[in-house]
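Please consult the sequence and structure shown below while reading.

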Amino acid sequence: MSASDHLIPVVVSNVVEVNPIIKRFEFRHVNGDELPAFSGGAHIVVEMLDDGTKRKNPYSLMSSPFERDQYAISVRRDDTGRGGSKFMHEQVQPGMQMKISAPVNLFALDLRARKHLMIAGGIGITPFIAQMAQADKLGVPFELHYAARSVSQAAYMDSLADRFGDHVSCYCDDQGEGIDLEMLLSNQPLGTHVYVCGPKGMIERVVETATNLGWPAAHVHFEHFLAPPVGEPFDVHLAKAGIDITVGAEQSLLEAVEASGTPINCMCRGGACGQCETVVVACDGDIMHNDHWLDEEQRASRQRIMPCVSRFRGKRLELDL
Ligand code: FES
């Protein structure tokens, strides 16, 4: 069982085109009830019924944790992906009823920190919007450094600068601007925690720079924004259930297992939380590990798979499900 097994019926209360590639979606409970409490950095899973295909994609909540009459998320359109973001951009309209999971937080502020240093790249800004609302209300020192490729792709830069003033610094690649990580991470008071969300390369650079400068690992927090990749369809045998399933090209293995009615744990649906880790009973072929959970040794053993993001190519894959 997982958070996304207990879905909340919501109505889409607003859809806002933020820029040509990003839309913001706002949800209210169908009964007008308060939505569950959450803290900055939490995500929800949005269920999409797309022409017979059921998809469940995770999105960070960007609304204030102190306002529970509605949730807001932002979705960046990705035409090379599985179709979830395309569905959100093309099909979802105000007034439509959908289902979402209760929030889960894998990227929470560490409340022991004396200061929160937030580093965002692109659509990775969304969890920080909720975190800043939280830090601001609690009166905890924080600052955000937000980088985007271009002014036209930078979502919410103006409104964040208006709302949080000197707490926010923005950088656009096309203006020749960039974050000087070495300088930024060298000049922080003791007890500062750093948080980064954005493209893989940015996360790696922040973690590496912090590590080289001697930051304790427990003070460095990151969230990859992950989407299950598309790929060739493949067949899987579920040993306990005694059934064979086929994973479609635009479906994740997790979604195919769920569609078969076979129980499986999950939380992030993005290869980060470890909840869906599954024992491989037999493998004659290659597992494409796309997660951030298994280490190199576990991957090489071919005895574990993370069905939310990983795929298979070969003759036979049998799982302990
Ligand atoms: S559900 Fe979190 S790693 Fe798969």
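## Salt bridges

Arg24 is buried, its relative accessible area being 18%; buried denotes under 20% relative accessible area, exposed over 50%, and partly exposed the range in between (1.4 Å probe, protein chains only). Glu26 is likewise buried, at 11%, and the side chains of Arg24 and Glu26 meet in a salt bridge with an N to O distance of 3.0 Å. A salt bridge here is a side-chain nitrogen of Lys or Arg within 4 Å of a carboxyl oxygen of Asp or Glu. The model is predicted: local features require pLDDT of at least 70 and side-chain atom pairs count only at pLDDT 80 or more, whereas totals for chains, interfaces and linings use all residues. Residues are numbered from 1 along each chain as its sequence is written, and side-chain values use heavy atoms, with hydrogens and water left out.

The structure holds 17 salt bridges. One of them joins Arg82 to Glu255, with the closest N and O atoms 2.7 Å apart. This pair links distant parts of the chain, 173 residues apart: Arg82 lies in the loop between β5 (71-76) and α1 (84-91), and Glu255 in helix α6 (residues 253-259). Helices (H or I, at least four residues) and strands (E, at least two) are DSSP runs, numbered from the N terminus. Both Arg82 and Glu255 are buried. Arg316 and Glu318 form a further salt bridge, the closest N and O atoms being 2.8 Å apart; Arg316 is partly exposed at 39% relative accessibility, while Glu318 is buried at 15%.

## Helix α3

Within helix α3 (residues 157-164), the buried residues are Met157, Leu160 and Phe164. Viewed down the axis of α3, its buried residues fall within an arc of 65°, so they line one face of the helix; the arc is that of the directions from the helix axis to the C-beta atoms. An α-helix has 3.6 residues a turn, so residues three or four places apart point the same way.

The face of α3 turned away from the buried side carries the exposed residues Asp158 and Asp162. The cover over the buried residues of α3 includes α2 (126-138), β9 (142-148) and β10 (168-172). Gly165 follows α3 and has a positive phi, near 50°.

## Nonpolar cores

A nonpolar core is a set of buried Ala, Val, Leu, Ile, Met, Phe, Trp, Tyr and Cys residues joined through side-chain atoms within 4.5 Å. The largest such core has 28 residues, and those with the most contacts inside it are Met118, Ile125, Phe128, Met132, Leu144, Tyr146 and Leu160. At least two residues of this core come from each of β8 (115-121), α2, β9, α3, β10 and β11 (192-198). A second, separate core of 24 residues includes Leu238, Val280, Cys283 and Val309.

Contact means heavy atoms within 4.5 Å. Leaving aside neighbours within four places in sequence, the contacts of Phe128 include Phe107, Met118, Leu144 and Tyr195.

His116 is found in strand β8 and is buried, with a relative accessible area of 1%. Not counting residues up to four places away in sequence, His116 touches residues including Asp110, Ala135, Glu143 and His193.

Leu111, in the loop between β7 (104-105) and β8, is exposed, with a relative accessible area of 63%.
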